Amino acid sequence: MLITIPNILDAGALTEAKELLAKTGWADGRKTAGPEAAKVKRNEQADLSSRSGSALHTLLNDAIRKNAVFQAAAQPARLSRLLVSRSGEGQGYGTHVDNALMGTGANRLRTDLSFTLFLNDPADYEGGELTIDWAGMIHSMKLEAGSLLLYPSTSLHRVETITSGQRTVCVGWVQSQVRTSEQRDILFDLANLKVSMRASLPEGAPEHLALSKVIANLRRLWSEV
């Protein structure tokens with residue numbers, strides 16, 4: 001599924017992120033790309049090992065992990081270390097598929113889902129759409145600052161060339177507790193149903209208990225950890 005999650009970062013967190021970005025150094029983005037992706041990657045990546053970079057990583061990582069919609073949709077077992085990239089005029093990221101496995105040693109993970117968290121407004125740049133070839137359709141998106149797009153790592157995708165301005169995003173990958181997208185879709189629908197039922201049925205109603213039982217047993221059946 002493709003899921004848009006608004007307001008992962010509120011106005012205050014966005015301001016703090018921009019202040020930290022202004023203090024952070026940048027390097028050629030091809031250094032973190034796989035052999036094939038490096039051929040089509042044209043952007044810069046923030047140095048998140050510096051003091052300001054580390055603070056930025058913590059800010060973004062905490063906001064993503066604490067978001068209830070992200071948790072329900074991704075069913076995360078593990079998240080990759082985040083990357084923050086920027087693309088200026090003439091830059092972008094050609095069509096590619098993300099590496100199936102990322103990291104080394106204890107940090108190695110399988111990429112089931114990818115996400116892009118937009119850090120500046122779409123009015124700040126022309127071009128730069130995130131274009132995803134998924135389920136036989138082409139989806140092109142530029143989200144509001146602070147919003148996140150979650151999508152299958154199995155899809156071909158690209159960042160269209162920037163024609164003016166600058167695009168800044170945070171990207172990362174998820175190894176899900178639930179491996180197949182169909183199973184994640186079902187659990188996400190049930191989680192949304194549980195939330196909507198709270199408005200019409202009192203806590204402790206038999207329907208709540210029955211739904212909680214179904215969700216727990218499906219997770220028990222499908223979870224790999």
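Predicted model: local features only at pLDDT ≥ 70, side-chain atom pairs only at ≥ 80, totals over all residues.
An α-helix has 3.6 residues a turn, so residues three or four places apart point the same way.

Helix 1 itself spans residues 11-22, 12 residues in total. From first C-alpha to last it reaches 17 Å, close to the 16 Å expected at 1.5 Å a residue. The N-terminal end of helix 1 is capped by Asp10. There, a side-chain oxygen of Asp10 lies 3.2 Å from the backbone nitrogen of Gly12.

Helix 4 covers residues 181-197 and has 17 residues. Its reach from first C-alpha to last is 24 Å, close to the expected 24 Å. Gln183, Arg184, Leu187, Phe188, Leu190 and Met197 are buried in helix 4. These buried residues pack against strand 1, helix 3, strand 10 (113-118), strand 17 and helix 5 (206-222).

The UniProt record, an unreviewed entry, places the feature "domain: Fe2OG dioxygenase" at residues 78-176. Over this stretch the chain is 0% helix and 59% strand. The end C-alpha atoms of residues 78-176 are 7 Å apart.

The unreviewed UniProt entry also lists His96, Asp98 and His157 under "binding site". These residues are spread over 62 residues of sequence, yet they cluster in space. The largest C-alpha distance among them is 8.7 Å. The lining of the largest pocket includes His96, Asp98 and His157.

His96 belongs to strand 7 (residues 92-96). Its relative accessibility is 8%, so His96 counts as buried, the cut-off being under 20%. Leaving aside residues up to four places away in sequence, His96 touches Ala37, Val40, Ser155, Leu156 and His157. A polar atom of the His96 side chain lies 2.8 Å from the backbone oxygen of Gly94.

His157 sits in strand 15 (residues 156-159). With a relative accessible area of 4%, His157 is buried. Again leaving aside residues up to four places away in sequence, the contacts of His157 are Gly94, Thr95, His96, Val97, Asp98, Thr131, Ile132 and Tyr151.

Arg110 is placed in strand 9 (residues 109-110). At 14% relative accessibility, Arg110 counts as buried. The side chain of Arg110 makes a polar contact with the side chain of Asp112, at 2.8 Å. Beyond residues up to four places away in sequence, Arg110 touches Ala100, Leu101, Val174, Gln175, Ser176, Arg179 and Glu224.

Thr4 lies in strand 1 (residues 3-5). At 42% relative accessibility, Thr4 counts as partly exposed. Leu143, Leu148 and Leu149 touch Thr4, with residues up to four places away in sequence not counted. Thr4 and Lys213 are 209 residues apart in sequence. In space, their C-alpha atoms are 28 Å apart.

Positive phi values occur at two loop positions. Gln75 is not a glycine, yet its phi is about 45°. Gln75 lies in the loop between helix 3 (68-74) and strand 5 (76-79). At 7% relative accessibility, Gln75 counts as buried. Ala135 likewise has a positive phi, near 55°, in a residue other than glycine. Ala135 is in the loop between strand 12 (130-134) and strand 13 (137-141). Ala135 is exposed, with a relative accessible area of 61%, whereas Gln75 is buried.

Conventions:
Residues numbered from 1 in each chain as written. Heavy atoms only, no water. Helix = DSSP H or I, 4+ residues; strand = E, 2+ residues; numbered from the N terminus. Expected span 1.5 Å × (residues − 1). Polar contact = N/O pair within 3.5 Å; in protein donor to acceptor, adjacent residues only side chain to side chain. UniProt positions renumbered as here; feature names shortened; annotations may be inferred. 1 Å grid on protein atoms, 1.4 Å probe; cavity = no way out; pocket = protein on both sides within 12 Å on 5 of 7 lines; lining within 4 Å. Buried < 20%, exposed > 50% of the residue type's maximum accessible area, 1.4 Å probe, protein only. Contact = heavy atoms within 4.5 Å.
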